[in-house]
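Please look over the sequence and the model below before reading on. The briefing is meant for someone new to protein structure.

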Amino acid sequence: MTTSSESDDIFWMRRALALAESVLYTTAPNPRVGCVIVRDGRMLGEGATQPPGGPHAEIRALRDAESRQEAVEGATLYVTLEPCSHFGRTPPCVDAVLAARPARVVVAIGDPNPLVNGQGLARLRAAGIQVTTGVCEQEALALNAGFISRMSRGLPWVWMKMAASLDGRSALHNGMSQWITGPEARADGHHWRARSCVVLTGMGTILKDDPLLNVRGVQTPRQPRKAVVDGLFAIPEDARLFDGAQVIVFTAREDAEKSARLAEKNARVVYMPGSAPGRVDLAAMMRWFAEAEFNEVHVEAGAGLSGALVAAGCVDELLLYLAPVLLGDAAGMVRLPMLEHLDAARRYEFIDSTLVGADVRLRARVQGTWNELLRRVALPVLS
């Protein structure tokens, strides 16, 4: 049974989570964090983390309380991620919290960043501040799965967006696929593009659709990067995605002259050959993304690359839009090797189903990976 105090903690933490969600598109590579300061059921100040180099959520909330002429000492501070305890682009947030002297700090999840990893909570407790942890931890992790994944396992969080008919077909055999789903589903897909750090596709999509790969239909002050898996380095130099925004091309074929020409179009060519000729090492590519501080990767690709990413164990979540139509004999969503036993199937767990216009959005994830992230964020919050 949830007590009155626990109910209050959930209420105010969800307010902090809403603040974190309000900066969903702008904080990368930093996490999205919200903070609310409360006394006797009354909000004293609140804030969310600003773009890199700007103040974090705790500082914003403390400044907000100060602007309202509210005293924070003895109050309760709710924050969706453990306060940082190191100097980065900004000073440690835990120093400002300690100086404000709240009586209690409630934290949703710990920060597995090796520079934090429980140290912020330890300093609060050492100063006599009561610390409560694990409030709304699933929701908090969902907002920052990419950051937590990068910090704890050296990989970004990868979701693969697909649109299909009820019978699982994504395109006609002549390549026509625009548009299986309706405008609401397409706009929702652009929301997921906007929250990612990079939109990844393959050469088949480039040659068939010549996409821009940018965010349209939703307001965002930050466009994600664009990336292409191009094993044979065959990308046309006049492709529409070369519009001045940075493009990353992963290839298994070296061509210094073409790389130099693409560099003039703000494209970075990364040579990353796999074990098979003309194939990019997809697992190494994901590690590269993490080392470059990419938290979340949004995949929109054809059946070939989609299947290769699944087979390589690179996909953490599926984002599937199903249209209420049947296409019959048409191309499938993912090309995978034939199985002889169901035990070898790649399994995901459904986590959400939502009606989006006339279509249905389904989300499914690798539950083992998710559970591992939960374990990583729970470790630092133990006494």
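The notes below go from the whole chain to its strands, helices and rings.

This is a predicted model, in which local features need pLDDT of at least 70 and side-chain atom pairs count only at pLDDT 80 or more, while totals for chains, interfaces and linings use all residues. Residues are numbered from 1 along each chain as its sequence is written, and side-chain values use heavy atoms, with hydrogens and water left out.

**Whole chain**

- The protein chain has twelve helices and 16 strands; helices (H or I, at least four residues) and strands (E, at least two) are DSSP runs, numbered from the N terminus.
- The C-alpha trace spans about 65 × 50 × 40 Å along its principal axes.
- Buried residues make up 52% of the 383 residues, where buried means under 20% relative accessible area, exposed over 50% and partly exposed in between (1.4 Å probe, protein chains only).
- Of the contacts with a separation of 6 or more, 71% are between residues 24 or more positions apart; contact means heavy atoms within 4.5 Å.

**An open sheet**

- Five strands form an open sheet in the order E2-E1-E3-E4-E5, with mixed pairing; two strands pair if DSSP finds at least two bridges between them.
- Strand E2 (42-48) and strand E5 (130-133) are the edge strands, and each pairs on one side only.
- From one strand to the next the twist averages 15 degrees, with axes being lines fitted to C-alpha atoms (for helices over the stretch in contact) and angles running from 0 to 180 degrees between N-to-C directions.
- Strand E1 (residues 34-39) and strand E3 (residues 76-81) run antiparallel and are joined by four bridges.
- Ile 37 has Leu 77 in E3 as its bridge partner.

**Two helices**

- Helix H11 (residues 303-311) has buried residues that include Ala 303, Leu 305 and Leu 309.
- Gly 313 follows H11 and has a positive phi, near 75 degrees.
- Ala 260 lies in helix H9 (residues 256-263) and is partly exposed, with a relative accessible area of 41%.
- Ala 260 and Lys 161 are 99 residues apart in sequence and 32 Å apart in space, C-alpha to C-alpha.

**Aromatic rings**

- The whole structure holds eight aromatic pairs; rings of Phe, Tyr and Trp (its six-membered ring) pair if their centres lie within 6.5 Å, and planes under 30 degrees apart count as stacked, over 60 as edge-to-face and the rest as tilted.
- Trp 157 and Trp 370 form an edge-to-face pair, 5.8 Å centre to centre with 70 degrees between the planes.
- This pair links distant parts of the chain, since Trp 157 is in strand E6 (residues 157-165) and Trp 370 in helix H12 (residues 367-378), 213 residues apart.
- Trp 157 counts as buried at 2% relative accessibility, and Trp 370 is buried at 3%.
- The pair of Trp 288 and Phe 294 is tilted, because the planes are at 40 degrees, with the ring centres 6.2 Å apart.

**Charges over rings**

- The charged end of Arg 365 sits over the ring of Trp 370, 3.7 Å from its centre; this requires NZ of Lys or CZ of Arg within 6 Å of the ring centre and within 35 degrees of the ring normal.
- Lys 258 likewise has its charged end over the ring of Phe 233, 4.8 Å from the centre.
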